[in-house]
Amino acid sequence: MQEFLIPAKPDLQAARESWLKMLARERRLSSETVEAYERDTRQFLHFLTGHCGGSPGISDIANLRPADLRGFLAARRNEGVGARTLGRGLAGIRSLLRFLERHGLANAAGATALRAPRQPKSLPKPLTASDAKQVVSMEGQLAEEPWIAARNAAVLTLLYGSGLRISEALGLAGADLASEADTVLRVTGKGGKTRLVPVLPVALRAIAEYRRLCPYHLDPKGLLFRGARGGPLNPAVIQRDMAKLRSALNLPDTATPHALRHSFATHLLGRGGDLRTIQELLGHASLSTTQIYTGVDTARLLEIYESAHPRA
């Protein structure tokens with residue numbers, strides 16, 4: 001992890017480092033989540049430096065009151081930080097304090113008693129089935145290099161056809177999906193959890209075409225999808241190319257690579273897919289996370305009803 005100047009006394013610095021290692025090794029949180037918690041708690045320690053009049057140590061945070069935490073959240077809100085980021089920041093602070101409490105170094109009651117900021121309710125914005133098909137097609141890609149166009153089509157087809165996260169697709173190895181007989185893929189998702197997802201024939205054909213055109217040797221143990229110079233493919237490249245595609249097709253700003261995963265779930269549900277099965281396919285730990293797609297489907301039904309019914 002990148003080194004930062006941490007405004008804390010050595011005892012708190014050491015305890016915080018142990019906590020971050022525990023999150024990664026024992027709880028197996030994703031590197032992105034651990035980095036977010038590191039950033040959030042670092043910002044909290046910066047706040048406490050001013051709040052306490054000096055670099056805080058364990059004794060300074062051992063009995064934090066809800067008022068202290070409210071002060072931090074208010075300061076972050078004044079900086080323009082949204083409710084979701086504030087909620088994640090509070091979750092990180094609570095986790096750190098609970099870690100210290102388990103080691104007899106702090107009392108986490110103050111953080112536990114504080115209510116998290118109210119989260120805005122927003123539904124995923126899926127693409128229509130026709131727009132999704134355009135986005136993932138080889139013919140629709142805008143890249144000048146044929147192999148890059150084939151690569152993009154293969155990646156986007158996996159997001160829409162199998163509901164993968166972009167990190168999951170870009171983490172596939174050269175040995176994955178090497179044959180048309182590979183109709184099921186084992187995916188490692190958030191927290192190191194694995195799941196099985198079906199792979200459509202159209203996705204297998206897209207990957208085969210990418211393999212055929214790719215100018216680099218695809219080692220079975222190396223990454224399947226390569227960048228223009230042969231190195232790992234950065235997610236930002238796919239996001240940038242998707243933005244160009246979005247502009248060319250006159251799609252809304254919500255048409256992102258991740259929206260293809262939303263489209264996968266929404267279109268399955270709209271065709272009678274079972275919610276529990278969709279949960280397994282997406283790799284959601286809780287069914288309540290998947291249930292948001294029932295709201296999307298209901299919203300779409302109401303939209304059709306209001307536009308089509310003579311008395312609407």
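1. Helix axes are lines fitted to C-alpha atoms over the stretch in contact, and angles between N-to-C directions run from 0 to 180 degrees. Helices here are DSSP runs (H or I, at least four residues), numbered from the N terminus.

2. The model is predicted: local features need pLDDT of at least 70, side-chain atom pairs count only at pLDDT 80 or more, and totals for chains, interfaces and linings use all residues. Residues are numbered from 1 along each chain as its sequence is written, and side-chain values use heavy atoms, with hydrogens and water left out.

3. Helix α4 (residues 66–78) packs against helix α5 (residues 83–102) at an angle of about 150 degrees, and the axes lie 11 Å apart. On the α4 side, Leu 69, Phe 72, Leu 73, Arg 76 and Arg 77 meet Thr 85, Leu 86 and Ile 93 of α5, where contact means heavy atoms within 4.5 Å.

4. The whole structure holds 6 aromatic pairs; rings of Phe, Tyr and Trp (its six-membered ring) pair if their centres lie within 6.5 Å, and planes under 30 degrees apart count as stacked, over 60 as edge-to-face and the rest as tilted. Tyr 210 and Phe 225 form a tilted pair, 5.2 Å centre to centre with 35 degrees between the planes. Tyr 210 lies in helix α10 (residues 201–213), whereas Phe 225, 15 residues away, lies in the loop between α10 and α11 (235–248).

5. Tyr 210 counts as buried because its relative accessibility is 0%, and Phe 225 counts as buried at 0%. Buried means under 20% relative accessible area (1.4 Å probe, protein chains only), exposed over 50%, and partly exposed in between.

6. Trp 147, Tyr 210, Tyr 216 and Phe 225 make up one aromatic cluster.

Technical notes. Helix = DSSP H or I, 4+ residues; strand = E, 2+ residues; numbered from the N terminus.
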